Each structure stands twice: as structure tokens, then as C-alpha cells.
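The sequence and structure come first, followed by notes grouped by topic.

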Amino acid sequence: MQKAHWLLVVLLLVLGGLQYRLWYGDGSITQNRLLLAQIAEQKSENKQLLERNRILEAEVVELKRGMETVEERARHELGMVKDGETLYLLSQ
């Protein structure tokens, strides 16, 4: 009877140790959930960055293709005008 009691105690300790590793140790369920959340966040960020890269790539192609885009940027961002044009600023 005494051996069965010790065996039960040892088995309960082993079970407790395994449960601890399952919930809190390396590769635990908690750590797995955190990693899955990080993966989802990274995928979202990657999607946004891919969209930004697509837009920038289209802009580069457009800048290489024609002077209209360069001219438009010069007008809007730098306030430049062509020869013979007159710039009128309207205040509101």
C-alpha cells in the first residue's frame, strides 16, 4: 500500500511538471498564441508595405517614361513655372 501511495505522488508530480511545460514552458500554448499574433501582425504590415512598394514602383516607371510627372511635381512641390507663364497666388 505504501509503494502505491509513493507511486501516485510521483505520477502526480510528473503530471504537474508536464502541465507546467504545456502551459508556461518553451513551446507552450501561451507562447504559441503570442507567436501566432505576431505572425498576423507581421503579415498585415507586409501587406501594407507591398502596397506602398507597388505604388512607388508605378511612380518610378511613370517618371522614367515621361516628363509630365516630373513637370507636375516641379509645379506642385517646388512651385516652379515654365518660361512665359505667370503665377497667380490667390489668398483665401
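Glu71 and Arg75 form a salt bridge, with 3.5 Å between the closest N and O atoms; a salt bridge here is a side-chain nitrogen of Lys or Arg within 4 Å of a carboxyl oxygen of Asp or Glu. The model is predicted, so local features need pLDDT of at least 70 and side-chain atom pairs count only at pLDDT 80 or more, while totals for chains, interfaces and linings use all residues. Residues are numbered from 1 along each chain as its sequence is written, and side-chain values use heavy atoms, with hydrogens and water left out.

**Salt bridges**

- Both Glu71 and Arg75 lie in helix H3, 4 residues apart, about one turn of the helix.
- An α-helix has 3.6 residues a turn, so residues three or four places apart point the same way.
- Glu71 also forms a salt bridge with Lys82, where the closest N and O atoms are 3.2 Å apart.
- That pair links distant parts of the chain, 11 residues apart: Glu71 is in helix H3 and Lys82 is in the segment after H3.
- Arg75 has a salt bridge to Glu85 as well, at 2.9 Å from N to O.
- This pair too links distant parts of the chain, Arg75 in helix H3 and Glu85 in the segment after H3, 10 residues apart.
- Through shared partners, the salt bridges join Glu71, Arg75, Lys82 and Glu85 into one network.
- The total by this rule is 4 salt bridges.

**Accessibility of the network residues**

- Glu71 is partly exposed at 33% relative accessible area, where buried means under 20%, exposed over 50% and partly exposed in between (1.4 Å probe, protein chains only).
- Arg75 counts as partly exposed at 30%, and Glu85 counts as partly exposed at 36%.
- Lys82 is partly exposed, with a relative accessible area of 41%.

**Helices and the annotated region**

- The chain has 3 helices and 0 strands; these are DSSP runs numbered from the N terminus, helices being H or I of at least four residues and strands E of at least two.
- Helix H3 covers residues 67-78, which is 12 residues, and spans 15 Å from first to last C-alpha, close to the 16 Å expected at 1.5 Å a residue; the expected span is 1.5 Å times one less than the number of residues.
- Residues 32-73 are 98% helix and 0% strand in the model, with the end C-alpha atoms 48 Å apart.

**Surface patch**

- Tyr20, Leu22, Trp23 and Tyr24 make a nonpolar surface patch of about 480 Å².
- Patches are made of residues with over 30% relative accessible area and no salt bridge, like charges being joined within 9 Å and nonpolar side chains (Val, Leu, Ile, Met, Phe, Trp, Tyr) within 5 Å.
- Leu22 lies in helix H1, residues 2-24, and is partly exposed at 37%.

**Overall form**

- Along the sequence the pattern is α-α-α.
- The radius of gyration is 33 Å, well over the 12 Å that the globule rule gives for 92 residues, so the chain is more spread out than a compact globule; the radius is taken over C-alpha atoms, and the rule is 2.2 Å times the number of residues to the power 0.38.
- The C-alpha atoms fill a box of roughly 110 × 35 × 10 Å along the principal axes.
- Buried residues make up 5% of the 92 residues.

Conventions:
Accessible areas come from the Shrake-Rupley method with a 1.4 Å probe; for residues, only the protein chains shown count as cover.
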